[in-house]
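Take a moment to look over the chain from end to end. Then follow it piece by piece with the text below.

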Amino acid sequence: MIIQNSTNIIKFVLDDKIVELNLSNHPQLKPTTTILNYLRSLPNHKGVKEGCAEGDCGACTVVLGELNENNKISYKSVTSCIVFLPVIHGKQLITVENIAQIKDGKTILHPIQQAIIETNGSQCGYCTPGIIMSLFTLYKNFNNPSLEIVEDALTGNLCRCTGYKPVIDAASKACTKNGIDHFTEKEPEIIKLLESINSNKQAISIVSKYQKYFRPLTLKQALILKEKYPSAILINGASDIAIKQTKNKEFLTEIIDISSIDELKYFSEDNNYFYFGTGLILEKLKAISKNNLPPLYNILKIFGSLQIRNTATIGGNIGSASPISDLLPLLFTYKSMIKLKSSKNERTIKISEFIKGYRSTDIHTNEIITEVIIPKPQKGVIINSYKISKRKDLDISTVSAAFRIEFENNKIIKNIILAFGGMAETTKRATKTENFLLNKNWNMQNVEQAMNILYNEFEPISDARAEADSRKIACKNLLLKFWLDI
Ligand SMILES: Cc1cc2nc3c(=O)[nH]c(=O)nc-3n(C[C@H](O)[C@H](O)[C@H](O)COP(=O)(O)OP(=O)(O)OC[C@H]3O[C@@H](n4cnc5c(N)ncnc54)[C@H](O)[C@@H]3O)c2cc1C
Ligand code: FES
Ligand code: FES
């Protein structure tokens with residue numbers, strides 16, 4: 001056994017019963033089977049739909065119920081097309097078939113379903129199961145939610161025919177009962193089932209002739225595995241990696257899934273620094289940053305969708321080193337550092353030195369990024385973040401930017417960082433423009449000259465999102481916006 005005391009059987013609650021799946025020798029299922037494909041292989045869970053298979057449309061939304069620190073169940077919506085089966089180990093999997101209640105042989109619709117009918121919130125119905133599941137999560141988590149909260153819950157669900165107004169109306173109509181429903185009645189029973197699975201928490205290790213999938217519970221186990229399997233792909237939320245399989249049809253042969261390592265999910269601070277464990281999901285990071293790092297909060301508000309932020313992590317965003325990452329420009333401007341660990345060593349490196357090129361980093365094959373360290377911006381430091389995309393929500397950036405500026409005597413620029421995504425093969429600083437502005441007055445004349453330098457500083461590509469020239473214009477205009485904003 002590669003991890004001591006591990007199991008190859010995943011257990012979860014579905015339809016109020018514990019389901020056990022042995023994934024080492026199952027005739028159809030593999031550890032990289034998505035929840036969507038698993039559910040669609042069952043006779044009675046075909047409500048879940050595949051629209052895009054890449055986390056964008058929400059037709060496959062299901063809800064995961066998980067025991068929280070108060071021994072209650074927290075409900076999270078996820079896009080089941082890009083979540084692998086072992087992730088539901090120890091959780092409750094809730095699908096659209098579970099939402100209505102059957103009592104004395106009669107079907108009683110859930111308040112969310114009833115409201116969708118009353119507001120005419122469904123036409124062809126393809127998107128409806130996913131929308132119901134997103135609204136169910138909203139119902140369980142909020143009472144009388146604001147329009148902003150309702151829209152955020154629905155950002156990850158596309159509808160081609162009904163339009164969103166009736167769906168938003170349904171949410172406002174239904175979410176008024178403090179989350180009370182038949183799930184509330186059953187919660188003690190489900191908690192017992194979840195406790196019985198989780199009482200003996202085990203790492204998962206599934207080894208077949210063609211595939212190895214490990215889900216360690218501790219960083220130590222993960223680092224030993226990374227030493228033994230240097231070419232294994234690390235996954236956390238897998239929102240980047242799952243698409244290799246669902247869209248590019250790649251077969252993932254060796255995987256180390258670090259998403260159940262609790263010791264990587266922390267946040268702490270001291271007088272000078274914020275410390276983030278890299279296993280923090282982005283929705284948690286968003287909540288933490290609201291008061292601590294507002295520019296980070298602002299960018300996370302428009303990052304992917306709630307379903308994506310419920311699984312994707314800060315570690316995965318850094319690890320993917322995407323040229324259009326929304327977090328990297330900001331992490332550059334915060335002068336962030338990351339901590340990397342292997343089973344023998346530990347090192348801390350500036351994030352700007354860690355990112356090397358197109359989706360390439362300075363990581364060693366036996367390392368895991370364990371921590372992101374953000375120095376607390378001193379008084380007088382101004383940082384802003386921007387994202388230009390074709391659609392405000394749930395869209396990848398055409399150009400993203402984060403800027404940092406500090407003044408002497410309120411007008412001379414004594415420190416400046418202009419970091420961009422989408423302008424080069426990797427996140428890059430506009431160093432020529434920064435050097436031009438350094439020690440100059442922060443006035444319109446200098447900003448206009450800097451904009452011209454900035455226009456010529458990058459040679460971006462043309463692609464489906466924008467022509468190269470549009471990117472260059474957007475890039476210089478973002479500097480103007482920064483000037484206007486401050
Ligand atoms: C629908 C959709 C919308 C998206 N929207 C956005 C968006 O708005 N902005 C944006 O920037 N990105 C977006 N993304 C991209 C992706 O979700 C993010 O990059 C996310 O943060 C990745 O995190 P993850 O935990 O899912 O990474 P994973 O897919 O698990 O991993 C990504 C990479 O990082 C590596 N990795 C993960 N954790 C570690 C670690 N601790 N140490 C070392 N390496 C590690 C993995 O090996 C892999 O190479 C979107 C993706 C989807 C599918
Ligand atoms: S099928 Fe589109 S988000 Fe999953
Ligand atoms: S009702 Fe047809 S896609 Fe939404």
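Two strands count as paired if DSSP finds at least two bridges between them. Keep that rule in mind for every sheet here. The model is a predicted one.

Start with a sheet. Five strands form an open sheet, in the order E2-E1-E5-E3-E4, and their pairing is mixed. Strand E2 (17-22) and strand E4 (73-79) stand at the edges. Each has a single partner strand, so one side of each is left without a neighbour in the sheet. From one strand to the next, the twist averages 35°. Now look inside this sheet. Strand E3 (residues 61-67) pairs with strand E5 (residues 92-94) in the antiparallel sense, over three bridges. Find Leu64: its bridge partner in E5 is Leu93. In a regular strand, side chains alternate between the two faces of the sheet.

Next, step back to the whole chain. It is divided into domain 1 (9-97 + 185-257), domain 2 (111-180), domain 3 (263-375) and domain 4 (382-485). Note that domain 1 is given as two stretches, 9-97 and 185-257. The centres of domain 2 and domain 3, taken over C-alpha atoms, are separated by 32 Å. Four residues of domain 2 are in contact with four residues of domain 3. On the domain 2 side, the touching residues are one nonpolar, two polar and one charged.

Where does ligand 1 lie? Domain 1 and domain 3 both give residues to the shell around ligand 1, so it lies between them. The ligand is surrounded by 31 residues, and the closest are Gly237, Gly315, Gly316, Asn317 and Gly319. Strand E10 (233-235), helix H12 (314-320) and strand E18 (368-375) each give two or more residues to this shell. Helix H12 supplies the largest share, five residues. By class, the shell has 13 nonpolar, 14 polar and four charged residues.

Strand E18 also has a partner. Five bridges join E13 to E18, and the two run antiparallel. Here Tyr275 stands opposite Ile373 in E18. On to another pairing of E13. Strand E12 (residues 267-269) is joined to strand E13 (residues 273-277) by three bridges, again antiparallel. A hairpin of three residues links E12 to E13. In this pair, Glu269 stands opposite Phe274 in E13.

Now for two helices. Packed helices are described by the angle between their axes and the distance between the axes. Helix H9 (residues 282-292) and helix H10 (residues 294-301) pack at an angle of about 140°, with their axes 8 Å apart. Their crossing is left-handed. On the H9 side, the contact is made by Leu282, Leu285, Lys286, Ser289 and Lys290. On the H10 side, it is made by Leu296, Tyr297, Leu300 and Lys301. Taken by class, the contact has five nonpolar, one polar and three charged residues.

Finish with another sheet. Four strands form an open sheet in the order E19-E20-E21-E22, with antiparallel pairing. Why is one side of E19 and of E22 left without a neighbour in the sheet? Strand E19 (382-388) and strand E22 (428-429) stand at the edges, and each has a single partner strand. Strand E21 (residues 412-421) pairs with E22 over two bridges. Phe420 has Lys428 as its bridge partner in E22. Helix H10 packs on this sheet, touching E19 and strand E20 (399-408), and its direction makes about 10° with that of E19. Helix H17 (residues 468-485) packs on the sheet too, touching E19, E20 and E21. The direction of H17 makes about 40° with that of E20.

How values were computed:
Residues are numbered from 1 along each chain as its sequence is written. Chains are lettered from A and ligands numbered from 1 in the order in which they are written. This is a predicted model: local features need pLDDT of at least 70, side-chain atom pairs count only at pLDDT 80 or more; totals for chains, interfaces and linings use all residues. A residue is near a molecule or strand if its C-beta atom, placed from the backbone, lies within 6 Å of it. Ala, Val, Leu, Ile, Met, Phe, Trp, Tyr, Cys and Pro count as nonpolar, Asp, Glu, Lys and Arg as charged, and the others, Gly among them, as polar. Domain bounds come from an automatic or database domain assignment. Axes are lines fitted to C-alpha atoms, for helices over the stretch in contact, and angles run from 0 to 180 degrees between N-to-C directions. A crossing is left-handed if the near helix is turned anticlockwise from the far one by less than a right angle, and right-handed if clockwise. Two residues are in contact if their C-beta atoms, placed from the backbone, lie within 7 Å.
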